[in-house]
Amino acid sequence: MSLIGADVRIEVAEEHNPDRKGGADREFVGRTPWQLAWARLRRDRVAMVSLGFIVFLMLVAIFAPLLTALIGHGPNTQYSTTGLSPSGIPVAPGHNGFLLGTDDQGRDVLSRIIYGARISLEVGVGATALALGVGLVVGLLAGYYGGWIDALLARFMDILLSFPILLFALAIIARFGPSLDLVLIVIAMFSWPYIGRLVRGQVISLREREFVEAARALGSSDLRIMFVEIAPNLIALAVIYATLLIPVNIVTEATLSFLGLGVLPPTASWGNMIAEAQTGDLFTVAWWFLVFPCVALVLTTLAFNLLGDGLRDALDPRHGRSNIIPPTKQQRVLAKLRKRTAREAAREAERANA
Amino acid sequence: MTGTDLFEGVSDAEDLLQVEDVVKHFPVRGGAVRDRATGQVRAVDGVSFSLKVGETLGLVGESGCGKSTLARLVTALHPVTSGHIQFKGKEITTLSRRQMRPLRRSVQMVFQDPYGSLNPRRRVGSILTDPFSVHGSLSRGEAKRQVQELMARVGLSPEHYNRFPSEFSGGQRQRIGIARALALRPDLIVCDEPVSALDVSIQAQIINLLEDLQDEFMLTYIFIAHDLSVVRHVSDRIAVMYLGKLVETGPVEEIYSRSRHPYSASLLSAVPVAEKAFRSVRKQRVILTGDVPSPVRPPSGCRFHPRCPKAQAICAEEEPVLEQKQGDGPGHLTACHFPVTAGEALALASREDPPSPDAAPSLSQGAPQ
């Protein structure tokens, strides 16, 4: 239709309205980006198993006192009569009611692993949450304002990232004495620049988008633009990288505990359990009290990493394997019904032919 | 409720907007060690025009000629390098951020890309509540009622309040963009290519909507487009831009029927004509050669001279002023030493043989020095 010289009103067709019921539109269901991501994640079996394991681990950590009461062995109690053989060898898994055996001091390995999960998750999740908060704010400020603020903050992050974390952490902890809070803060201090740099890069590209310009045209303040307009677009990224940062931080905590600068004995932490186990050579005959804490650490790290990968695929379809939109439950049920009726119709026709 | 005390009290006869010789240069950064301004993109280089209440000014020109930059200067999204912009008689180029707030209510913008101009992570209701929460003191319920009214007014279903932008079509999204611009009842809306990202059938709906709203709310538009037929349909006046300068401005019918600047003439000859009846009166197509020169180093004199079919020696030396040419109506201004006359056929300009000075006809002697 030409608009030339058309002083007449242009006739227009009615715009497609996805809300209209009936016809091909019946199966249209509006879903939020989060619902779509969840639907995609649910189809990722590896990620779902990992998520299940993490939820299980969290429940175990939360209900640790209850669980150890059920088992009947405290984490720090030394069972010198039932937990050690007369010659001082730890009890093997499954004997005397010790499901995963005992360690060189006659303590229940399972109870200690359960309590160690508390420490690992507390430090891993806590330090990551702290890092996420600081990284988001600093990244937003640096990316949004640019100029000298960015130069200052970006350089600062680069400097922190170039530090040998372990050496510096050792120095700080050696100076102030080991404690759980200090470990958490030190780990957060060295992991926030990863989030900060990532966020900064994302903000630099987001601030040029037209919706930011639109907000500015409305007279929105800088703070409002940063936290109302830009921040929601960073959440997916933050969730993915936080999930991948948690296992790194768990391992860092274990490393510090292993080196004797994290959680102090007798409090159980996977790191100091491994450290204690490998000091003597008792583990050559009683492998279980070295292997089981290692397995717990590896499984946890693996689960978080796999979940992070799954989340990346689900939240950012551009980088993932699947950018399909999975069917809703309603659509799945309908498809199944349709298939079944088609199959029955075919069988019916076959019978009629015969 | 339209404005605030700062921007009130303007009669219809006065100019709503006066733009005087505005210049916007963007520094080109470079340098091996430190960031240094190594050059300047002269995006807008001395543009003047004015707008009356209720008028629609169509701004046309090739990509990169500075249309969108001019739009962002008028809406005060970018600061000007020099020049003056007066809105309702108040200078706006020197306002601080705080002083700018009332202006933000009165001047709004509709963006080109209906996909980029809406935040993908926010619900439509929340996007449209923004204007009220940034400026107003409306209660939550009242704001929601206003937003739903607004959605109904631009042809969206108010039940879509809780949807995300991704659940709408391009046309519907542009309606959301228009609703957002309209929310605070502005006086001036700058439409930066509002329909160029849409299908032709949807374009017509959006243009009809914009025209209806103009009548209803006494809106003044600056309408930027490169689709010349769309511009002709909506505009009262046209301004043609080339490389950061206005080359011709005037009432829409006069520009379309008797354009004087060779650039506008060639631009308008490119408009496709569908009806046979129109085709017979159509002018011969003028095809320009070459690309738009770099705005970092614009040509000397008249910026169009390297591509102009009528260029003479003087065109490379002296910049023509934007003035009323002989035989034109009032308000029709052209910046050209040798304006196109009626019935004249423009020859093809070619880069290979620039006009030699000795071949210049006597006309050039009559031109101002």
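Which helix of chain A is mostly covered, and how many of its residues are buried? In this predicted model, the helix in question is H8 (residues 210–217) of chain A, where eight of the eight residues are buried. The buried set in H8(A) consists of Glu210(A), Phe211(A), Val212(A), Glu213(A), Ala214(A), Ala215(A), Arg216(A) and Ala217(A). These buried residues pack against elements of both chains. On the side of chain A, the partners are helix H7 (180–206) and helix H9 (222–230). On the side of chain B, they are helix H2 (97–106), strand S6 (107–110), helix H3 (124–135) and helix H5 (170–182). After H8(A) comes Gly219(A), which has a positive phi, near 90 degrees.

Chain A as a whole contains 13 helices and zero strands. Of its 354 residues, 38% count as buried. Among the contacts in chain A with a separation of 6 or more, 69% are made by residues 24 or more positions apart.

In chain B, strand S3 (residues 56–60) is largely enclosed by the rest of the structure, because five of its five residues are buried. From S3(B), Thr56(B), Gly58(B) and Val60(B) point one way, while Leu57(B) and Leu59(B) point the other way; residues on both sides are buried. Two strands pair with S3(B). With strand S8 (residues 220–224) of chain B, the pairing is parallel and runs over four bridges; here Thr56(B) stands opposite Tyr221(B). With strand S9 (residues 237–242) of chain B, the pairing is likewise parallel and extends over four bridges. In that case Gly58(B) has Ile238(B) of S9(B) as its bridge partner.

Backbone angles in two loops of chain B were also examined. Most residues other than glycine have a negative phi. Arg185(B), a residue other than glycine, has a positive phi near 50 degrees. Arg185(B) is placed in the loop between H5 and strand S7 (188–192) of chain B. Because Arg185(B) has 15 C-beta neighbours inside 10 Å, it counts as partly exposed. For Glu193(B), phi is also positive, near 50 degrees, and this residue too is not a glycine. The loop that holds Glu193(B) lies between S7 and helix H6 (200–217) of chain B. Glu193(B) has 22 other C-beta atoms within 10 Å, so it is buried.

Chain B is divided into two domains, with domain 1 covering 5–28 + 37–235 and domain 2 covering 259–357. Contact between them involves 11 residues of domain 1 and seven residues of domain 2 of chain B. On the side of domain 1 that touches domain 2, the elements giving two or more residues are strand S2 (36–52) and helix H7 (228–234) of chain B. The element that gives the most to this side is S2(B), with five residues. By class, this side of domain 1 of chain B has five nonpolar, four polar and two charged residues.

Methods
Residues are numbered from 1 along each chain as its sequence is written. Chains are lettered from A and ligands numbered from 1 in the order in which they are written. This is a predicted model: local features need pLDDT of at least 70, side-chain atom pairs count only at pLDDT 80 or more; totals for chains, interfaces and linings use all residues. A residue is buried if 20 or more other C-beta atoms lie within 10 Å of its own, exposed if 12 or fewer, and partly exposed in between; C-beta atoms are placed from the backbone. Two strands pair if DSSP finds at least two bridges between them. Two residues are in contact if their C-beta atoms, placed from the backbone, lie within 7 Å. Domain bounds come from an automatic or database domain assignment. Ala, Val, Leu, Ile, Met, Phe, Trp, Tyr, Cys and Pro count as nonpolar, Asp, Glu, Lys and Arg as charged, and the others, Gly among them, as polar.
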